[in-house]
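Let us read a structure together, one feature at a time. Each question is followed by a general idea and then by the case at hand.

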Amino acid sequence: MDLLGLGRSGVLAFQRALNATGENVANADTPGFVRRRALLTTQPAGRGGPLERAPTSAGVRFATLVRDVDALKANAARTASGDQARFAARLDWLERLEGLGVSADVATRVGAFFNAATDLAAAPTNRAARTLFLGAADDAASAFAGHGEALAALGDDIGREAALSARTVNDLAAALVRINEQLRRGDPDDAAAAGMLDNRDRLLADLAAEVRISINEGPRGVVEVNLSSGPSAVQLVPQAGNSRRIGVAPDGAAVLLNPEFDPTPLRLPASGRLAGLLEASADITRARAALDSSAAGFAALVNDWHGRGVDGDGAPGQAVFARLGVATTVGKANAGRAPVHVVLADGAVPDASGYRLIADAAGFTLARGDGSASVTGAGPLLLDGLTVSIGGDAVAGDQWTLARLDGARGLALRPLQPGEVAAAARWQIDAPPDNASSGLPTIIDDATALALPGGDTTPPPWWISVIAGGLAEIRAGTTLIDTVPADGSLIAGPGVRFSVPAGAAAGDLFRISPTPAGSPDNANAILLGRLRVQPGPNGTLEAELAADSAGIGARIADTRRLEAAAATLKEDTARANDAVSGVDLEVEAAELTRLQAAYRANAQVIGVARDLFDQILSLSR
Amino acid sequence: MIPPISTRSGHDAAVRRLTDLSRQLAEVQQQISTGRKVVRPGDDPVAFARAATLKRADASADVQRRAMDAAGSRLSASETALASIADIMARAKELALAGRNASLNAADRTILANEVGELLSAARGLAEARGPDGEALFAGAGLSPSYGEDSEGLAAWAGLGTSPRVAVQGRTLAAGIAGPEAFGVTAPLPPPDPMAAPDPLRPPPPRARNLFDALAHLAASLTEARPALFEAGMDEALAAIDGHIDRLAAAQATLGTRAARLEAEAERLDKAQLQLKSEVSKLEDTDMAAAIARLDRLGVVLDAAQASFARVSRLSLWDELR
C-alpha cells in the first residue's frame, strides 16, 4: 500500500517536473521567458493514525514552480539596455543630421560663391561672369535656406519621436498597473503567475529601454516603478493605484511630469531612448542656431560689401540677399483643401507677429498676428508687401498661419540684374606719373560726413593739388572749394572721408572721381576676396561652417564609441542574466533524460507494488 | 563567460559576431570600390575638417589660376601694344634725325612730316587697343576711348583711375598700365607773360608733352620755315622722343616684371595645389594594399567563423535522446 503511494507521488511529481522542462524547451526562443524549475519536496510524514498519513516515507510532492531569476542581474541588464538605447537613439538622429549636412554641403557652396567673385574680378564687365556670380549667390542662399528647412523638419520629426517615446512610457506604465492588479489577485505559485511575472519583466525591460527606472518589488511580485533612483526618484507606477503620466515639453528640451495639468519639469538621469532623443534634439537645435548665425553673418557680410561698390550703371550696389521670408502652415482643423500661395514683395518686411488667414462665408481675412492691421476680400489679399492668393475649395472656418522666417530659412537672392552686380569700387583715384611722391589719397565711404571742413558740399570729382606748408587745395573743375591739411589725416567730405598722403610734395596733383557706368574696375570684387579670409570670432565664415559639420562629426564619433561600449555592457549583463534565467537546450536535454529516468523508476515502483499485491493475493487463493 | 550556443543569448551572440564580420567586410569592400576612406564627418571628424580646409584651398587656387591667367593675357596684350608703339617711336626718331639734316629742303621735310603724321595716327590707334576681355587697355578704370582731344586740340588721356588689379597672395597687382604712365602727360601751357613783347622769332618755352603730342610737335617742327624756331623745335622734339622711348622701355619692363610675378605665383600655386591634392588623397583615399589585405583576412575569418558555427550547432545532446 505504502509503496504504491510512494510510486504514485513520484510519478505525479516528476510529471510536473517534466512539464516544467517541456515548457522551458518550448519557450527556448521566447524573449523575456525565464527558465522554470520544479521544486520537489518530501511529503510530510503523518503519525499513522486512522485519518493520517503513514509515519514513514510518505513520498515526494511538487512544492513550487521556481522562476530562475536574479533580481540584481535582471536590473543590471535593464539599466545597461537603457544606456545602450540612449546612445543608439542619439547616434541614429545625429547620423541623420550629419547626412543632411553632407548633402546640403553649405560650406562648399558658400566657397563656390566666393570663388565666383574671384572669377568676376578677372572679368568684371563680362555679362556671363556677372550672371554666374548671381547664380553662385543664389546657390549659396538656397544652400542656407534649404539646409535650414531640412533642419527644421528634422527638429519637428525628432520632437514627434520624443513625444511618441513619452507615450510609450505612459502606455507601459498603464499596462504595469493592470499587471500589478492581477498579481495581487492570483495564486503566487502556479504557472499562470509565472507567465504574468514574465510579462511584468518584459514590460519593465521595455520601460527601462525608454527611461531609467528603479523598482521596488512587493508581495506576490507586485512592483513599484520609479523614474530615476535614489532620493530624486519620482514614482511612476505605485504598488496599488494609477500610474502618473509624463510628456515632452513643447520646445523638446525637457521631460514634464503631468504634462496635461500642472506640468513639472523632471531632471532624469541620462539613460533610455527618451534621454537620447532629447540630447539629439538639443544637438539639432544647436546646429540650427549655428546655421542661422552663419547665414546672418554671410548675408550681412555680402550685403555690406556690395553696398561699398558701384554697379554697371554707376549706382551704389544694392543688397544682394533678402533675409526675411514667410512660411505658411495649414490649420489642423481645416475642412477644405484650398492651396494658399504667398509671395513676399522684394524688400518688404513682414510683421514679426506673423499673420492669420481665415476663410469665412464672405471671403478671406488676412490679419497681423497682433491684430494691428487686416484686409478682407475674395481675391488675392495684399498686406505689408505680402500677396496671398487662395485657390478654390476653401471651407468657411479654415485657417492658415503665416510666420515670418528669418535666419537661414529666410535667406534668398534678391532679383538683381547682371548689370546690378557692383564689381567696381565707388571712387577712382589717380595721379599724373610725374608726381614727386608715389602715394595716392585714400577714400572711405562715410554717410555721416556731410561736407568738406570749409562747409562746401560739392561731391567729387575733385582735383587735389598739394601746396607749400603741408596743405592741399581741393578744386572742383577750376573752382577752389577748400584747403585741407596734407598730412595723412582723415578729412570729411560730403558722404566720404579721405586723406592726402603725408609724403606728398608741394606741386603733386591727385584726382578723385566717381566711377563711371560700365567701368572695368574690379576693386570691389577683389575686396570680397579679402573679406572672405577675414576671420571672425570663430575663424572665417567657411571655416566656421566646416567646423560646425566637423563638430557634429566629432559628436557622432563620440556617440559611436559610447554606443559600442554600452552595447558591450548590455551584452555582458544580458549574458549574465541569461546564464541564470535563460534556457540552455543542452541543459534541458540532460534534465529531460534525468527526469525521464526518475519518472520511469517511479513507474517501476508502482509496478513492483502491484506485483507484490498480486503475489499476496495469489497466496490467499 | 561565453554562453553556450545552445542558449538563446549564445546563439544570438554568435550570429551577431558573424553579422559584424560581414559588416566590416562590406565596409572594406566599399572603401576599395569607392577608393575613399572618409566619406562623412562622423567617420573621422579631424580628417574631415582638415580635408574640408584643403579642398577649399584647392578650389580657390583653381579660380585664382583663372584670374591670374586673365590678368596675364591682359598684361601681354598691353606689352604687345607698347612694343608696337616703341617701334613707331624708333621710326619717328629716325625721321627726326633725318629731318634735322640741313641738306633736306622744305619739300623733303614735308614728306617726312607726313610720315610722322601717319605714325601719330598709328600710335593713337594702338593706344586704343583692347584687351582679350574687350576693355580698353590704357584707360585705367575708365572707358574707351583712352585718349580724347583737349581744348588745344591735343591728345589728352580720357581715362581715370588705375588698371584693374589682380589679387596675388593677399596683395593686389595692377594687370596693365594706365595711359599717363606709359605715354606721359602734356603739361598745361604756362600763362602768357604780359610784360614780354610778342616776338615771332623767339621759340616758345619748352613744354612736357605726351607721346602723341610729341609726335604732333615733331611733325609741326619739321614743317617750320623759320630756321631759329626749326632748330629749337627739332631739338625739343628729339629730346622728347628719346624721353618717350625710355619711358616706353620702362613701361614694358614694368609689365614684364608683373607678368613674371604672375608666372612665379602660378608656379607656386601649381606646386601648392599638388601638395594640397596629395594631402587630401592621404586623408581621404583608401590605402589599397592594406584594404585588400584586410579584405582577404576578414574573408578568411568570416569563412572560419561560419564553418565553426555550423559545426558547433550541429553537436547536440538531443540527437542522442531516443
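Q: Where in chain A does A:Pro461 lie?

A: This is a predicted model, in which local features need pLDDT of at least 70 and side-chain atom pairs count only at pLDDT 80 or more, while totals for chains, interfaces and linings use all residues. Residues are numbered from 1 along each chain as its sequence is written, chains are lettered from A in the order in which they are written, and side-chain values use heavy atoms, with hydrogens and water left out. A:Pro461 lies in the loop between β22 (442-445) and β23 (462-467) of chain A; helices (H or I, at least four residues) and strands (E, at least two) are DSSP runs, numbered from the N terminus.

Q: What is the peptide bond from A:Pro460 to A:Pro461?

A: Most peptide bonds are trans, and most residues other than glycine have a negative phi. The bond from A:Pro460 to A:Pro461 is cis, with omega near 15°. In chain B, a cis peptide bond also joins B:Ser144 and B:Pro145, with omega about 0°; B:Pro145 is in the loop between α3 (106-127) and β1 (147-149). As for phi, A:Arg220 has a positive value, near 65°, and is found in the loop between β3 (213-217) and β4 (223-227) of chain A.

Q: How many salt bridges are counted between chain A and chain B?

A: The count there is five, including the one between B:Arg16 and A:Glu571 (2.8 Å, N to O). In terms of contact (heavy atoms within 4.5 Å), 56 residues of chain A meet 49 residues of chain B.

Q: At what angle do the axes of α2 and α6 of chain B cross?

A: Axes are lines fitted to C-alpha atoms, for helices over the stretch in contact, and angles run from 0 to 180 degrees between N-to-C directions. The axes of α2 (residues 45-100) and α6 (residues 227-284) of chain B come within 7 Å and cross at roughly 160°. The two helices are therefore roughly antiparallel, a term for angles over 145 degrees.

Definitions and conventions
Parallel < 35°, antiparallel > 145°, perpendicular 65-115°, else oblique. Salt bridge = Lys/Arg side-chain N within 4 Å of Asp/Glu carboxyl O.
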